[in-house]
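User: I would like to learn how to read a few features of a model, starting with salt bridges. Please give the general idea and then the case at hand.

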Number of protein chains: 2
Amino acid sequence: MNNLNYLTGATEVSYHCWLQYTKIEDEALVEHYQRYCQSLLVLGKSTIIESAVSELQKGLHSYLGSKPSIATQEINSAAIILGTADKVNNPIVNNELIDKLNDDGYIIKSVNENDRNILYLVGKSDIGVLYAAFHLLRLMASRKMVDNLSIIENPRNQFRMINQWDNMDGSIERGYSGQSIFYTDNQFSGDWERIKDYARLLSSVGINAISINNVNVFKVETNLITEQFLPDVAKTADIFRAYGIKTFLSINYASPIEVGKLETADPLNPEVEKWWQQKTKEIYSYIPDFGGFVVKADSEHRPGPFSYNRNHADGANVLAKALQPFGGVVIWRCFVYNCLQDWRDRSIDRAKAAYDNFKPLDGKFLDNVILQIKNGPMDFQVREPVSPLFGAMSETNQLIEFQVAQEYTGQQIDLCYLVPQWKEVLDFDTYAKGKQSEVKNIVDGSLFNFKYSGIAAVSNIGNDTNWTGNTLAQANLYGYGRLIWNPELSAEEIAEEWVEATFGHKQHVKEIILNMLMQSWPIYENYTAPLGVGWMINPGHHYGPNIDGYEYSVWGTYHFADHDGIGVDRTIATGTGYTGQYFRENADYYESLETCPDELLLFFHHVPYTYRLHSGKTVIQHIYDTHFEGVEQVKQLREMFTRLEKDLDKAIYANVLDRLERQLANAKEWRDKINTYFYRKSGINDEKNRMIY
Amino acid sequence: MNNLNYLTGATEVSYHCWLQYTKIEDEALVEHYQRYCQSLLVLGKSTIIESAVSELQKGLHSYLGSKPSIATQEINSAAIILGTADKVNNPIVNNELIDKLNDDGYIIKSVNENDRNILYLVGKSDIGVLYAAFHLLRLMASRKMVDNLSIIENPRNQFRMINQWDNMDGSIERGYSGQSIFYTDNQFSGDWERIKDYARLLSSVGINAISINNVNVFKVETNLITEQFLPDVAKTADIFRAYGIKTFLSINYASPIEVGKLETADPLNPEVEKWWQQKTKEIYSYIPDFGGFVVKADSEHRPGPFSYNRNHADGANVLAKALQPFGGVVIWRCFVYNCLQDWRDRSIDRAKAAYDNFKPLDGKFLDNVILQIKNGPMDFQVREPVSPLFGAMSETNQLIEFQVAQEYTGQQIDLCYLVPQWKEVLDFDTYAKGKQSEVKNIVDGSLFNFKYSGIAAVSNIGNDTNWTGNTLAQANLYGYGRLIWNPELSAEEIAEEWVEATFGHKQHVKEIILNMLMQSWPIYENYTAPLGVGWMINPGHHYGPNIDGYEYSVWGTYHFADHDGIGVDRTIATGTGYTGQYFRENADYYESLETCPDELLLFFHHVPYTYRLHSGKTVIQHIYDTHFEGVEQVKQLREMFTRLEKDLDKAIYANVLDRLERQLANAKEWRDKINTYFYRKSGINDEKNRMIY
């Protein structure tokens, strides 16, 4: 099945992910494509355009069996003409069209001129050209005809970012796919080819920024901004640059002390300010288009401005000043809360922390600071509400942060296609400026006219051959890129594209995998923590059930289940007042038991086990039913998948089947522990008398 | 305060433990002792007698300010005459007296002959001489007069053993006092002086056997029985031998494979049998009086005979055969249970495992095999019943195993004087041969006339200056030795001896510390797991509360608390049938709610929270009351102790106060988590309306 021996050292199909470029067997279709693909006319010159040409050559060769010839001057044969708008401008690709493009946008147009077929791939700038090339290859992956194309594509979001949580010892914080591809033994791994293939994968779905080290910056990684490692950072940046991806570093806020040997890292200290300026200058001498710094400060034991009685704005601005002359930005994470909470103290609510910490600072940040806000107020749970910070800071650049890595959603053992979750978040209306103040309109910068904005996410890849542990988890990386390019795409559309590009076109393969993906999030939700309450997982590694695992701990993540009921009262009326952080419409919606949706009921309210949901079920019966159902659904997933044994690559089949078996075991653990826990606590029998221990 | 600069490199008082030999300030008393101590007449010669002489010289010098002269021939001055019975035999120390001694026994007699004071220290063999010397020094520690002494002492138990759980990387499994004194960096530490001081401490309380490595024998330690390490083992044995202590090694049951490169460790395989014989011979060539092997097999993932479908008798006997020619023994641990239990399966009861595994093998072990049985059926909990294996195997040598290390009893942070607990166990009547079949009469060998028997315990020492982390935990090591020498001593007597030897003779110091020690076990029980149910601790490290920490796990340690009640039904009538492993009288006693003692109620029965104890309280109110009380009691401990600030060595005072602070924090955690957990689960209010979260 694998005909891609030109690809980097890879002998396994799964390595190529959605860039399989599988040979097209339909001869008529080959002929159709050939009518456009005899040669490539390349207008303009840049490393990014070179990447586009190289990718097209690989892809077309693989699809069609023959490579197009390359031309740089006008030719007469059927051709793909690619280049930037300033080079291509003609009556077909004209100013009227070009004016519709944003910086990263592109046009694809196919025409028949004097019996000569031409396919234009035109970008506003060179990155658009590369995106157009990937777009064409995607169309071919879907076996779409290319006559009469007239496509204008603009990415909706400015920052389309990936955060690697890789440590230099080779481990990955929340990594479920082997070790880091970037580092090993406290050095750069030197596996530049693999990094290049990662750049290809990211660029093919429109990612344009990457931070290459863990937001928790430990001892060795602190030195990434020193001459010890900057040459290798620069080499890495070179690779990503060729694919239109800017490189960022996560920094240790205590660097002035640990690297600079100053006595303080106080952001208002002139020595510290000077140190950051010189350091930043040094970094830019290695990487002229360096993106900037990602900062986790005053969070989960990381150092930050609080040590010096400074606030986050003080903390971020000193870095922003240093980056400003070079066009760099500070990405400042809002994941700040008291992680040494006394569980006895119900006045503290972790959900309120980001808003409480940052909202008062609106307008105080320099304009090259961007706040990076997790999608929810807690931490990437299978279900939580949208963070009330979105829309609450009209004068501060914002990025939303998702987690492609499945830390709390099955760790790439259990199947969980996350695009539907992300879509719900992006479609959530904050009412910040009345109706249609959806999160997607905030993070794309349009609602408040942010200078910088966009979307970031924690990567799910490692050095496993298939990149993502479970091969089906590749869909999340693909889907993340596609969704943030265009949040209006449906989760199904994206999944279908991915299935076709990855597994080809057999109808039942497509149907089954699509079906598995689209069910997977609700299934995972069914057998894990119920009704939005979250957590209930094993502390530390976060896999598998432990209902009281965080209940009496310092982390602020409680469910308060007792003899009579369960849930966290976050209302204004009787609870922590968290609902008051939302704009009126949402505050009312969550505050009232009448309107609060079942799926988030226990996040916002403490109710008796006998409380009746909108669904008509009691809370306790809902818990029992969903947990029994979840296990049956996983059995069905497995059963469905086994029908594909003959259709899939052997290694991929074995890989996914193994994960489904482990998922089933995990789902049973969840079912039995959750059901037993709540049966023991409530004393209420299952209406259907099923086995509870 | 420290006048012991002749002791090994120690500059801190706490290092010397109960061998302080503090200078006697009372001049009349000095004169009294001097009347016997002008010289030492030493009859007989051996390294052990040399140790006795050396210890007496140190002690007398320190107590009295002057060293006695040494003589080996009859002298005329006042003297201590020490030697073995065969050398001393005379009208005063006569055959009638000597016949009352067992192998390790001794006589102390003081007489006035012709105006000459003589103090006889006479052992049946040389170890008795050393014990007599320590006894005299102990009398002086207690400032007792020595006129007209006529003491005959025989240790009640044959094996008086300490198990080190030290690993060669320097760590100690369940160590709470620093690193190993024996090993560091996968080598012997070479700290022979410290090891010698440890031998002195052990010998001073009558310990006569030691196993020097962890019962979990990992990769490096497997090689302790090879030429790589045997020279150092021999050196260690030399040190202990001089104090009458035999050296044992814990072995890896897979040694024939891992060391011998055989393909099997099957005990019935002739190659394996031969390998063990040669290996044993080799060990004895280094250590002619080597004690034998301690074996943890088929337990908690350690290899054993089960891998070859052999039973424990097969497993032990192959080693016993190899040791027999040299007089060595196999100490085979009975801590065998299913540690991969499915918590859903209530038919399995870990408490039954040791009995079920070993009872059927009674009589099948060779006579130099000794089974080492933990005091309770679970694992060194603050409260559990006595293991039903005691008395159940009349034809198999038995050792009881205690844990001086406070794994589950506060980890040498919290104060817990364990002698009262051990006494209860030893005094427990098994009814194996009717009344007066107490555990102490089984493990001393008398009830069933065992060839080998006695008591072993896990050590609590490490390389902290004060040996035991919390200085007051020294009392447990001291008390362990004294109690197993003579189980009829009371816990108070032992504590008083220890306090005087360690802290001197101020009345209020004695009273306060004695009071603290004697209350400490009940206090610890008050604020931890209630009514004998055990566990409820953090998995892994076992410190601090986690009520459901082991509830849904593989370890077989459950409490089954639900909406209505709590406890494990281990009755014959309706439960796991564990009570049936006891002899009739005890089986009936525990089976019936009428007679089952409150303190073990939840170990044997599942009862409603509203069940009324013999104490008159309900179970739930008992839980609340004991947990509130426990914290108040710890506050009192701390308060009492602070009254000693001016009386104690500064470092000791600071050390103990620090631990008491940490104990208080721990007790509060326990109180609040336990109370909240049970309040939430039961929904029943505290009668006294105290703060429950």
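Analyst: In this predicted model, the side chains of Asp197(A) and Arg200(A) meet in a salt bridge, 2.9 Å from N to O. The term stands for a side-chain nitrogen of Lys or Arg within 4 Å of a carboxyl oxygen of Asp or Glu. Asp197(A) and Arg200(A) both belong to helix H6 (residues 192-204) of chain A, where they sit 3 residues apart, about one turn of the helix. Helices (H or I, at least four residues) and strands (E, at least two) are DSSP runs, numbered from the N terminus.

User: Are Asp197(A) and Arg200(A) buried or exposed?

Analyst: Both are buried. Buried means under 20% relative accessible area, exposed over 50%, and partly exposed in between, with a 1.4 Å probe and protein chains only.

User: What conventions and confidence values apply here?

Analyst: Residues are numbered from 1 along each chain as its sequence is written, while chains are lettered from A and ligands numbered from 1 in the order in which they are written. Because the model is predicted, local features need pLDDT of at least 70 and side-chain atom pairs count only at pLDDT 80 or more, whereas totals for chains, interfaces and linings use all residues; side-chain values use heavy atoms, with hydrogens and water left out. pLDDT is the predictor's confidence in each residue, from 0 to 100. Chain A has a mean pLDDT of 96, with 98% of its residues at 70 or more. Residues 1-9 of chain A fall below 50, and this stretch has 24 contacts in the model beyond near neighbours in sequence; contact means heavy atoms within 4.5 Å. For the complex, the predictor gives an ipTM of 0.88 and a pTM of 0.92.

User: How many salt bridges are there over all chains?

Analyst: The search of the whole structure finds 88. One of them pairs Glu496(A) with Lys510(A), with the closest N and O atoms 3.7 Å apart. This pair links distant parts of the chain, since Glu496(A) is in helix H16 and Lys510(A) in helix H17 of chain A, 14 residues apart. Glu496(A), at 33% relative accessibility, counts as partly exposed, and Lys510(A), at 12%, is buried.

User: Which residue forms a salt bridge with Glu661(B)?

Analyst: Arg638(B) does, with the closest N and O atoms at 3.2 Å. Glu661(B) lies in helix H20 (residues 650-682) and Arg638(B) in helix H19 (residues 619-642) of chain B, so the bridge ties together parts that are 23 residues apart in sequence. Glu661(B) has a relative accessible area of 37% and is partly exposed; Arg638(B), at 26%, also counts as partly exposed. Elsewhere, bridges that share partners join Asp342(A), Arg344(A), Glu669(B), Arg671(B), Asp672(B) and Lys673(B) into one network.

User: Why is helix H13 of chain A described as largely enclosed?

Analyst: Because 7 of its 9 residues (419-427) are buried, H13(A) is largely enclosed by the rest of the structure. Among the buried residues are Trp422(A), Lys423(A) and Leu426(A). Their cover includes strand E15 (397-403), helix H14 (439-443) and helix H17 (507-527) of chain A.

User: How should I read empty space?

Analyst: Rolling a probe the size of a water molecule over the atoms shows where empty space is left. On a 1 Å grid over the protein atoms alone, a cavity is a set of points where a 1.4 Å probe fits but cannot get out; a pocket is an open set with protein on both sides within 12 Å along at least five of seven lines, and lining residues have an atom within 4 Å of a point. Grid points are joined across faces, edges and corners, and a volume is the space filled by probe spheres set on the points.

The largest pocket has about 710 Å³. It is lined by 30 residues, and the closest to its centre are Asp103(A), Asp104(A), Gln158(A), Asn208(A) and Lys246(A). The lining holds 10 nonpolar, 11 polar and 9 charged residues. Here Ala, Val, Leu, Ile, Met, Phe, Trp, Tyr, Cys and Pro count as nonpolar, Asp, Glu, Lys and Arg as charged, and the others, Gly among them, as polar.

User: What is the volume of the largest cavity?

Analyst: About 130 Å³. Of its 16 lining residues, Cys334(A), Phe335(A), Ala354(A), Gly376(A) and Pro377(A) are the closest to the centre. H12(A) gives the most to this lining, with 3 residues. By class, the cavity is lined by 12 nonpolar, 2 polar and 2 charged residues.
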